[in-house]
Amino acid sequence: MKTLAIYNLKGGVGKTAAAVNLAYLAAQSGLHTVLWDLDPQGAATWYLHGDTAKAPDKAVWRGSSPIGRRIVETPYDNLHLIPADLETRHLDVWLRKDDNSHDRLRALIEPLSEQYSLVVLDCPPSLSHVADNVFAAADRILVPTVPTHLSLRALMTLIDYFKANELPRARLRPFWSMADRRRGLHRGLIEQPPKAMKDVCAAVIPYAASVERMGETRAPLEVSEPSSYAAECYRALWAENANYLRRG
Ligand SMILES: Nc1ncnc2c1ncn2[C@@H]1O[C@H](COP(=O)(O)OP(=O)(O)OP(=O)(O)O)[C@@H](O)[C@H]1O
Ligand SMILES: [Mg+2]
């Protein structure tokens with residue numbers, strides 16, 4: 001089993017859109033996949049028709065019963081969901097409950113390997129204790145990065161944080177997100193990526209109305225608009241990460 005996190009400390013950069021689309025593509029390729037919505041906003045849960053109204057299961061969040069109890073089905077084969085609910089806002093505190101360990105999330109995820117080949121984490125936008133746990137649990141961390149200076153700054157902060165805390169930088173894999181090639185700045189940064197983007201994914205996710213429409217269709221692009229250019233780009237993003245994520 002592999003764990004893929006979609007993370008950026010910056011908000012609104014396309015994390016959830018990528019998490020839902022990549023999790024769907026993984027499931028469609030035959031991988032038993034579970035998307036864990038770690039963000040109390042619950043956007044991934046909403047896209048996948050998860051039930052956020054269900055009473056929160058505090059025993060699970062507190063770690064006294066397995067996280068598997070929270071798993072629900074989605075409308076799609078091979079794709080299950082651990083929905084977010086309002087209790088998810090306490091995750092930071094609960095992960096810190098016994099000690100300050102960063103391995104708590106990894107321990108919660110581990111038993112899922114009996115049933116799943118891939119766990120996709122849709123992360124909230126913060127550099128919190130939850131994020132520390134995500135960095136310890138994830139085999140690969142995709143970082144959606146908008147081709148702007150502020151977005152690059154967020155990526156550099158993350159890279160510096162990895163260095164300062166001796167975390168493996170190789171796990172971080174940025175990709176261009178919400179790219180608008182009509183804008184000179186976007187074009188320039190994509191064509192001549194700065195040093196922080198040295199291992200950027202080849203696939204570039206465009207700024208596209210079809211992605212915005214996922215809010216109406218509540219479905220992955222591969223289902224709602226498979227012939228759109230953005231759907232093709234998510235397929236390319238999945239394809240270039242799939243080999244690694246399929247292994248073991
Ligand atoms: N490639 C894209 N093109 C156009 N709009 C996009 C694209 N990706 C995401 N959006 C829109 O931008 C908004 C934020 O996207 P999304 O929720 O995926 O970002 P996020 O990084 O998960 O945000 P948050 O930090 O709040 O969790 C949404 O309204 C979404 O529909
Ligand atoms: Mg999100």
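## The second largest cavity

In this predicted model, the second largest cavity holds about 30 Å³ of space, and the count of cavities of 30 Å³ or more comes to 2. Its lining is made up of Asn21, Leu25, Leu221, Glu222, Ala231, Tyr234 and Arg235, and the elements that contribute two or more residues to this lining are α1, α11 (221-224) and α12 (229-246). The largest share, 3 residues, comes from α12, while a division by class gives 4 nonpolar, 1 polar and 2 charged residues.

## The largest pocket

The largest pocket, which is the space taken by ligand 1, has a volume of about 410 Å³. It is lined by 23 residues, and those that lie nearest its centre are Val13, Gly14, Lys15, Ala17 and Met178. Two or more lining residues come from each of α1, α2 (43-47) and α9, with α1 giving the most, namely 3 residues. Sorted by class, the lining of the largest pocket comprises 14 nonpolar, 6 polar and 3 charged residues.

## Ligand 1 and its shell

Around ligand 1 there are 17 residues, of which Val13, Lys15, Thr16, Pro206 and Ala208 come nearest. By class, this shell consists of 9 nonpolar, 5 polar and 3 charged residues.

An oxygen atom of ligand 1 lies 2.9 Å from a backbone N or O atom of valine 13, and an oxygen atom of ligand 1 lies 2.7 Å from a polar side-chain atom of lysine 15. On the side of alanine 208, a polar backbone atom is 2.9 Å from a nitrogen atom of the ligand. Taken alone, ligand 1 exposes 620 Å², and the protein buries 81% of that area.

The elements that give two or more residues to the shell are α1 (15-28) and α9 (209-212), and α1 gives the most, with 3 residues.

The volume of the second largest pocket is about 160 Å³. Its lining consists of 14 residues, and the closest to its centre are Pro66, Ile67, Gly68, Leu108 and Pro111. By class, this lining divides into 8 nonpolar, 4 polar and 2 charged residues.

Key:
Residues are numbered from 1 along each chain as its sequence is written. Chains are lettered from A and ligands numbered from 1 in the order in which they are written. This is a predicted model: local features need pLDDT of at least 70, side-chain atom pairs count only at pLDDT 80 or more; totals for chains, interfaces and linings use all residues. Side-chain values use heavy atoms; hydrogens and water are left out. A residue is near a molecule or strand if one of its heavy atoms lies within 4 Å of it. A polar contact is a pair of N or O atoms within 3.5 Å; within protein, one must be able to donate a hydrogen and the other to accept it, and residues adjacent in sequence count only if both atoms are side-chain atoms. Accessible areas come from the Shrake-Rupley method with a 1.4 Å probe; for residues, only the protein chains shown count as cover. On a 1 Å grid over the protein atoms alone, a cavity is a set of points where a 1.4 Å probe fits but cannot get out, and a pocket is an open set with protein on both sides within 12 Å along at least five of seven lines; lining residues have an atom within 4 Å of a point. A molecule sits in a cavity or pocket if more than half of its atoms lie within 2 Å of its grid points. Helices (H or I, at least four residues) and strands (E, at least two) are DSSP runs, numbered from the N terminus. Ala, Val, Leu, Ile, Met, Phe, Trp, Tyr, Cys and Pro count as nonpolar, Asp, Glu, Lys and Arg as charged, and the others, Gly among them, as polar. Grid points are joined across faces, edges and corners, and a volume is the space filled by probe spheres set on the points.
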